[in-house]
Amino acid sequence: MKIHKEGYKILVISFTVLCLLNVVLYLLLGNALIFYPLSLLLLSLFLLILNFFRSPKRVFPHMEKGIVSCPADGTIVVIEEVMENEYFHDKRLQVSIFMNVFNVHINWMPISGKILHSSHQKGRFMAAYLPKSSTENERSTVVIETPDGIQILARQVAGALAKRIVTYPKEGQECQINQQMGFIKFGSRVDIYLPLGSEILVEMEQKVRGNITAIARLS
């Protein structure tokens, strides 16, 4: 299993701390029976963190013109027409993917084009499945323009446990499907804002896979 670069530091620190805790427990408890389930619990905790930072290699299989790739693993929790007030200031189709702690937390570029805008907004850390999290939580926003001049917005939203959003693209850069957009640490969601008239290819509560599932077709 390949580990994502965003996890290297956390995994080293976690492994060191858990090893020290294991040594302390042994010094306090010796060979008492309670030591073994506690030691197993610490090992399970490290494996959970290790699993969180896994980095699968994926290639988007639907390379048709106008197809929007799902940017994250998770569950579709929003499909609706909304007013997007931070960048477009007009109505858009919003599709949101909620990621739990067991999902891969890499975020991929949803479409190829040019980065027109990249910004980070500080905010709250409410549960990411709540509707208000899109506008009130800590978040990063990326706007991409396709070669045909169609603009879509991808927003990484922090959750109750997520304390750091990593966003790679910079304004003016070219981007491609299959490239990583960023990483959100420990529970989160990703919102996509599409032009009205786009054909949505997913359904509510559908389980989706980042850089594998096609979520929309641009009109």
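Guide: Before we start, contact here means heavy atoms within 4.5 Å. Please keep in mind that this is a predicted model.

Visitor: Which residues is V202 in contact with, leaving aside its neighbours within four places in sequence?
Guide: V202 lies in the loop between strand 12 and strand 13, and V202 counts as buried because its relative accessible area is 6%, under the 20% cut-off. The C-alpha atoms of V202 and I215 are separated by 5.4 Å, although these two residues are 13 residues apart along the chain. Once the neighbours within four places in sequence are left aside, the residues in contact with V202 are I76, I79, V95, V208, T213, A214 and I215.

Visitor: How many helices and strands are there in the protein?
Guide: The protein has 219 residues, and buried residues make up 49% of them. Among the contacts with a separation of 6 or more, 72% are between residues 24 or more positions apart. As for the elements themselves, the protein has 3 helices and 14 strands.

Visitor: Is helix 1 roughly parallel or roughly antiparallel to helix 2?
Guide: Helix 1, residues 8-29, packs with helix 2, residues 35-52, at an angle of about 180°, and their axes are 10 Å apart. Since angles over 145 degrees count as roughly antiparallel, the angle makes helix 1, relative to helix 2, roughly antiparallel.

Visitor: How many nonpolar, polar and charged residues does the contact of helix 1 with helix 2 have?
Guide: On the side of helix 1, the residues that meet helix 2 include L11, F15, L18 and Y26. On the side of helix 2, the residues that meet helix 1 include F35, L42, F46 and I49. Sorted by class, the contact of helix 1 with helix 2 has 15 nonpolar residues, 3 polar residues and no charged residues.

Visitor: Which residues touch the most other members of the largest nonpolar core?
Guide: Strand 3, strand 6, strand 7, strand 10, strand 11 and strand 14 are the elements that give two or more residues to this core, and strand 3 gives the most, with 4 residues. To take one case, I152 touches V68, I144 and L194, among others, when residues up to four places away in sequence are not counted. Of the 28 residues in the largest nonpolar core, those that touch the most other members are V68, I144, I152, L194 and I215.

Visitor: How far apart are the closest N and O atoms of R58 and D73?
Guide: Side chains of opposite charge can pair when their charged atoms come close. R58 lies in the loop between helix 2 and strand 1, whereas D73 lies in the loop between strand 1 and strand 2, so the pair ties together parts that are 15 residues apart in sequence. R58 is buried, with a relative accessible area of 12%, and D73 is buried as well, with a relative accessible area of 7%. The two residues form a salt bridge in which the distance between the closest N and O atoms is 2.6 Å.

Visitor: Which residues do salt bridges that share partners join into one network with R155?
Guide: R155 forms a salt bridge with E84, with the closest N and O atoms 3.1 Å apart. This pair links strand 7, where R155 sits, to strand 2, where E84 sits, and the two residues are 71 residues apart. Both R155 and E84 are buried. Through salt bridges that share partners, R155 is joined into one network with E84, E86 and R139.

Visitor: What is the phi of E205?
Guide: Most residues other than glycine have a negative phi. E205 is in the loop between strand 12 and strand 13, and E205 counts as exposed because its relative accessible area is 53%. Although E205 is not a glycine, its phi is positive, at about 70°.

Key. Residues are numbered from 1 along each chain as its sequence is written. This is a predicted model: local features need pLDDT of at least 70, side-chain atom pairs count only at pLDDT 80 or more; totals for chains, interfaces and linings use all residues. Side-chain values use heavy atoms; hydrogens and water are left out. Axes are lines fitted to C-alpha atoms, for helices over the stretch in contact, and angles run from 0 to 180 degrees between N-to-C directions. Angles under 35 degrees count as roughly parallel, over 145 as roughly antiparallel, 65 to 115 as roughly perpendicular and the rest as oblique. Ala, Val, Leu, Ile, Met, Phe, Trp, Tyr, Cys and Pro count as nonpolar, Asp, Glu, Lys and Arg as charged, and the others, Gly among them, as polar. A salt bridge is a side-chain nitrogen of Lys or Arg within 4 Å of a carboxyl oxygen of Asp or Glu. Buried means under 20% relative accessible area, exposed over 50%, partly exposed in between (1.4 Å probe, protein chains only). A nonpolar core is a set of buried Ala, Val, Leu, Ile, Met, Phe, Trp, Tyr and Cys residues joined through side-chain atoms within 4.5 Å.
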